[in-house]
Amino acid sequence: MYKQTCTNLLSLSPVEVNKWLDSFDSVITDCDGVLWVYGNVIPGSPETINYLKGMGKSIYFCTNNSTKTRKELLMKGIDLGFNITEEGIIATAHAAASYLKNRNFDKRVYIIGSPGIAQELDAVAIKHTGVGPDVMKAPLGEFMAKHLTVEPDIGAVVVGFDEHFSFPKMTKAASYLSDPKCLFIATNTDERFPMPGMVVPGSGSFVNAIRTCAEREPIVIGKPNPAICQSLIKQKKIIPSRTLMIGDRANTDILLGYNCGFQTLLVGTGIHSMNDVAQWRNSKNPEDKKLIPDMYIPKLGDLLPAIIDSITHGRY
Ligand SMILES: [Mg+2]
């Protein structure tokens with residue numbers, strides 16, 4: 001009905017909001033920039049999500065954040081006031097481990113990433129090299145000759161967010177990936193994190209560094225790859241046309257919605273704004289058109305009063 005019109009939800013009448021609410025049964029929401037920013041909840045988001053759940057909508061959190069396990073994300077969600085279960089959490093560390101498990105992967109994984117990836121691999125009994133600092137121990141020539149060791153039996157390189165990203169790690173990853181049989185898996189390609197006054201590199205920055213020196217393209221596990229939602233669709237837990245995808249970043253969240261045939265809602269509390277949407281509207285690049293959401297709302301918490309108003313005044 002509102003397909004890729006970027007309609008401001010707050011401009012709809014109560015009857016229109018009511019009809020829109022009736023048009024979906026499931027909600028898949030991004031986390032960072034929609035529900036919270038770092039450790040801080042975005043005011044109104046828990047109440048809105050919990051209200052939608054109370055209306056009978058099934059709720060899924062879908063995050064490209066590869067630093068946390070599903071259990072850790074569950075605890076964070078509960079601590080911040082969200083009524084959510086572990087089955088309702090879709091996260092890239094878990095999805096990367098599942099991807100390898102489903103392929104009966106039996107070698108070891110070289111990880112550029114955080115403990116979340118190591119723990120999710122442990123949970124499905126896949127061996128790996130561990131995480132943490134791997135630094136230059138000597139000047140380059142001496143380092144390459146004496147200190148650089150590559151390990152045997154590495155069958156995959158998984159790249160996610162790694163605050164200890166380093167030259168030795170790049171060198172090892174690219175060396176493992178020179179074997180074409182070695183899988184190259186990226187948890188996600190988010191370029192950066194929202195943070196006032198600073199730019200924090202996201203996993204995509206590390207992935208692109210490895211991609212450049214390995215001269216290979218990764219398999220991307222996270223949004224916007226529709227594979228991240230395939231099991232929900234296959235198991236008929238969600239019907240794509242009756243699913244609402246909520247996100248703050250268009251090239252992951254809204255594009256995932258486009259790729260899966262979901263309805264989409266952009267919120268203005270994170271990466272992309274109405275100004276960005278205006279640029280994509282005017283762009284000659286057809287790929288940019290895919291980034292235009294169906295709906296827009298300044299923040300998720302603004303939805304709650306609109307829902308309550310629609311229930312009170314919006315019978316149709
Ligand atoms: Mg986000």
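Okay, let's start with a term: on a 1 Å grid over the protein atoms alone, a pocket is an open set of points with protein on both sides within 12 Å along at least five of seven lines, and its lining residues have an atom within 4 Å of a point. A cavity, on that grid, is a set of points where a 1.4 Å probe fits but cannot get out. Volumes here are the space filled by probe spheres set on the points, with grid points joined across faces, edges and corners.

Before I go on, what you see is a predicted model, where local features need pLDDT of at least 70 and side-chain atom pairs count only at pLDDT 80 or more, while totals for chains, interfaces and linings use all residues. Residues are numbered from 1 along each chain as its sequence is written, and side-chain values use heavy atoms, with hydrogens and water left out.

So, pockets. The second largest pocket holds about 220 Å³ of space. Around it you'll find Asp32, Tyr38, Asn65, Thr67, Lys68, Lys76, Phe161, Glu163, Phe193 and Val200. By class that lining is 4 nonpolar, 2 polar and 4 charged; the nonpolar class is Ala, Val, Leu, Ile, Met, Phe, Trp, Tyr, Cys and Pro, the charged class is Asp, Glu, Lys and Arg, and the others, Gly among them, are polar.

Now the largest pocket, at about 600 Å³. It has 24 lining residues, and His94, Ala95, Ala227, Ile228 and Ser231 lie nearest its centre. The elements giving two or more residues to that lining are β6 (89-91), α4 (92-102) and α9 (227-234). Those labels are DSSP runs numbered from the N terminus, with helices being H or I of at least four residues and strands being E of at least two. Which element gives the most to this lining? That's α9, with 7 residues.

The domain bounds, by the way, come from an automatic or database domain assignment.

Two or more of the lining residues come from each of β10 (192-193) and α10 (250-260). By class we get 3 nonpolar, 7 polar and 8 charged. Domain 1 and domain 2 both contribute to the lining, so this cavity lies between them.

On to helix pairs. The axes of α4 and α5 (residues 115-123) come within 8 Å and cross at roughly 40 degrees. Axes are lines fitted to C-alpha atoms, for helices over the stretch in contact, and angles run from 0 to 180 degrees between N-to-C directions. α4 and α5 are therefore oblique to each other: under 35 degrees is roughly parallel, over 145 roughly antiparallel, 65 to 115 roughly perpendicular, and the rest oblique. For α7 (residues 167-177) and α8 (residues 203-214), the axes come within 9 Å and cross at roughly 50 degrees. That makes α7 oblique to α8.

Last, some backbone details. The peptide bond from Lys223 to Pro224 is cis, with omega near 10 degrees, and Pro224 sits in the loop between β12 (219-220) and α9. Gln4, in the segment before β1 (7-8), has a positive phi near 55 degrees, and it's a residue other than glycine.
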